[in-house]
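This report describes a single protein chain, from its overall make-up down to individual residues. The sequence and structure come first.

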Amino acid sequence: MLLKFQLWTFQIHTVQCSIHLSSLFHLWLNSNPIFCNFRKAMEFLSSIVGLVPCFYDHTSKHTVYIRDLRKNLQALSKEMVDLNNLYEDVKERVERAEQQQMKRRKEVGGWIREVEAMEKEVHEILQRGDQEIQKSCLGCCPRNCWSSYRIGKAVSEKLVAVSGQIGKGHFDVVAEMLPRPPVDELPMEATVGPQLAYEKSCRFLKDPQVGIMGLYGMGGVGKTTLLKKINNELLATSNDFEVVIWAVVSKSPDIEKIQQVIWNKLEIPRDKWETRSSREEKAAEILRALKRKRFILLLDDIWEELDLLEMGVPRPDTENKSKIVLTTRSLDVCRQMKAQKSIEVECLESEDAWTLFRKEVGEEILNSHPDIPMLAKVVAEECRGLPLALVTLGRAMAAEKDPSNWDKVIQDLRKSPAEITGMEDKLFHRLKLSYDRLRDNASKSCFIYHSIFREDWESYNFQLTELWIGEGFMGEVHDIHEARDQGRKIIKTLKHACLLEGCGSRERRVKIHDVIRDMALWLYGEHGVKKNKILVYNKVARLDEDQETSKLKETEKISLWDMDVGKFPETLVCPNLKTLFVKKCHNLKKFPNGFFQFMLLLRVLDLSNNDNLSELPTGIGKLGALRYLNLSSTRIRELSIEIKNLKNLMILLMDGMESLEIIPKDMIASLVSLKLFSFYKSNITSGVEETLLEELESLNDISEISITICNALSFNKLKSSHKLQRCICCLHLHKWGDVISLELSSSFFKRMEHLKALYVSHCDKLKEVKINVERQGIHNDMTLPNKIAAREEYFHTLRYVDIEHCSKLLDLTWLVYAPYLEHLRVEDCESIEEVIQDDSEVREMKEKLNIFSRLKYLKLNRLPRLKSIYQHPLLFPSLEIIKVYECKDLRSLPFDSNTSNKSLKKIKGETSWWNQLKWNDETCKHSFTPYFQIHEVEAYLTDSEESEIGSLDDVQEQPVSN
């Protein structure tokens, strides 16, 4: 073993010596030309020294490393410069691509890392090579051939490697599009409200039954902010959506632009996308991509229905579990988009509104003067919680440290808000977009009309329609019922556009947001150019001031609401005035004579609810253009004979005129254009009442009448006139002292095709109401099927029944013939024991149809003998409100486990009454107990619902439909 090791060591030493000697010898021969001829001599010597040729053959291929070291160092240095230049170019391309949110290819990244490592290695080799050259003898002979050999070999190999790296570095593509994150964060400031709408949205996003959700509300209320909050929350929380897409739609939707937004998010290859030239081809490509993903599409600012499939978006369902959330100013758009849930984004509560306003103003300004915080709160309150108004005004006041400037802004907000910085450009013009989208001039005129009412005024829907008819917004009105239908549609349109707000539990009234009202005033005043076209006063003193400055000469509409006014100016010079409201002026007793002489263009005059107004001024007959006159709830005792000169009068309202005694003969008959006459809950003497009916019958254009009848003779007159029957809308039977039984035939109801309300009061001897059911061609065979058919055919319009102070009345069983009854109020009927009697005929009918299936409101008040509504359970699928007071013998409700509570809002009554109720089972009791509300003292009081009951206020709202 030792011998082998020694031999191996000797061989290595011999080879090393041979390489050294051969290299020196070979280098010497090649570098000294004068000795070239000695090659032959060497060949001779080699025969003597046999090892020399062997050494030469073995080392000739290695000596090139030593011989070409200088040349290879220069070549390596040059190649490295080229590689570095290429490296810089590639790296610059990569960085530029990465700035565009692209990702470098792995091949490119590896090449860059290799170059960076290679640069260090080459630098080190070049240094060593230079050092080796410097150490050589005579600039050519290495002192250490073995060292030179190793360096030369390394240089040669690295030269090959660098050249290869240059060859690999010519990339066509250095980076590719990054896979986009599922959610792109959207820039937004910290939000203030609306928390309730946000919580609902999050809940519905998790509901598998909700695929499309709509967020709707007036302009500037914060819908986009809420949608951004939903988007960013999806980024912050874990969810199952693979992609979240945000797209702004706007007023004129560009489908291809929306498709481009979706494409950017879906990472469809550019070459594939760009070959899709048509909208349909792009839709197909998007559809293929989205069908494989669970997506959420956030569509902001939609103004009209979008065809999802036209864009390539599959409709979300429980299978794909995708979602679409949209924002719009119109509830109609939510419905057109088939949203399963629509959430109204409402204005901020006062605390949140103040938080937002002070954030925009800044603490420095608020703390700059002790008066400013209080003034700032007043300004914030004027915005009524509308975020856009709060932000606009807050920023406008962000530099105002002088309290007097805040005082001026408050005055401007109440008189001319458009003059405040930013209000016109940043607020009104944006809100105006909703107005611009209204489809016809009638809707636009009806919307602007709301600016004539004082702030926060709630108008009954039917009253608005009557005013609009008087103003001429409906065009030529031939049928008052068609005009009412048109009015209802316009109100619905304005509510769905979030330009009006519904009020009350049944939304029988509407109001306008104060900022929207300011915008309407600005619009009617031709964008603030003519500020005096509509003037709304709460003090008559301001009216005097404006008359002195000639403001009223350009005024077209005036409304005055002054509870303290007792006296008016002698006359008002308003040559362009078309509308005059004087309402709720409780101290007003009369107008000066000649008050109307300079208002000859007046079309609408509303003097209602001036409860001390006792006479009309002379000169009212000169208002030849007048189309609408409302004298309701005044104390006028005698109508002026001048009214007969109002030949264009279409609407005359005299409800609740309890002091009225005299209507001049032939006055009503002279109103040849009259279409609507209302004399509901008003008193009049017997003889005048019959004459009134005759004069109404003589009018050719009359189409709607609401009237109180106080005796059987007048009622017989009504029953004998088919024309009057067709016109009756609301019928009040009052103080029939001698009538014991009221018999009404089904044919009578058939002719009263517009009857919506029946009110019976103070008929002290009335015991029963009978319906004689008959069908055309069938007189004797009134079997159950025929009675049911007659019920559907003849009683389909009656919606409201009020019965009060009928002390002998026993029951209201006849109501089973009113299938569409919605409202029933029974009060102060001492003898009534059952609302519906449990007789065989009723039981038989109940088996075939649902009694009270449309009833929404039921009030039973002070009925001391009442024992049951009906002895058997009823379904009540539409019931919303039940009120029971002082009905101590009513021990049960007609409820069981099948009775619906889906529509129910509340059951109100005394605690003692509720506690003594008997139930079929505990399950039924537990089902209805949550709806019970205690109200011990309401028996003689009214609430917001009561204000809509027992008058015309509820009657006109529903179109007649089955």
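## Overall make-up

The chain has 33 helices and 28 strands; helices (H or I, at least four residues) and strands (E, at least two) are DSSP runs, numbered from the N terminus. Of its 962 residues, 52% are buried, where buried means under 20% relative accessible area, exposed over 50%, and partly exposed in between (1.4 Å probe, protein chains only). Among contacts between residues at least 6 apart in sequence, 69% join residues at least 24 apart; contact means heavy atoms within 4.5 Å.

This is a predicted model, in which local features need pLDDT of at least 70 and side-chain atom pairs count only at pLDDT 80 or more, while totals for chains, interfaces and linings use all residues. Residues are numbered from 1 along each chain as its sequence is written, and side-chain values use heavy atoms, with hydrogens and water left out.

## Helix 4

Helix 4 (residues 69-99) has 31 residues and reaches 44 Å from its first C-alpha to its last, close to the expected 45 Å. The expected span is 1.5 Å times one less than the number of residues. Its buried residues include Leu69, Asn72, Leu73, Leu76, Glu79 and Met80. Just after helix 4, glutamine 101 has a positive phi of about 60 degrees.

## Helices 9 and 11

The axes of helix 9 (residues 255-266) and helix 11 (residues 279-290) come within 10 Å and cross at roughly 35 degrees. Axes are lines fitted to C-alpha atoms, for helices over the stretch in contact, and angles run from 0 to 180 degrees between N-to-C directions. Helix 9 contributes Ile255, Glu256, Gln259, Ile262 and Leu266 to the contact, and helix 11 contributes Arg279, Lys282, Ala283, Ile286, Ala289 and Leu290.

By class, this contact has seven nonpolar, one polar and three charged residues. Ala, Val, Leu, Ile, Met, Phe, Trp, Tyr, Cys and Pro count as nonpolar, Asp, Glu, Lys and Arg as charged, and the others, Gly among them, as polar.

## Helix 16

In helix 16 (residues 372-382), Ile372, Leu375, Ala376, Val379, Ala380 and Glu382 are buried. They lie on the same side of helix 16 because they cover an arc of only 155 degrees around the axis, the arc being that of the directions from the helix axis to the C-beta atoms. An α-helix has 3.6 residues a turn, so residues three or four places apart point the same way.

The face turned away from the buried side of helix 16 carries the exposed residues Met374 and Glu381. Cover for the buried residues includes helix 14 (350-361), helix 15 (363-366), helix 17 (387-396), helix 18 (403-415) and helix 23 (514-524). Arginine 384, which follows helix 16, has a positive phi near 50 degrees.

Tyrosine 216 is in strand 3 (residues 212-216) and is buried, with a relative accessible area of 12%. Its C-alpha atom is separated by 9.4 Å from that of aspartate 332, 116 residues apart along the chain. Leaving aside neighbours within four places in sequence, the contacts of tyrosine 216 include Lys223, Thr328, Ser330 and Cys498.

Aspartate 828 lies in the loop between strand 24 (823-827) and helix 30 (840-848). Aspartate 828 counts as buried because its relative accessibility is 16%. Beyond neighbours within four places in sequence, aspartate 828 is in contact with His805, Cys806, Asn861, Arg862 and Leu863.
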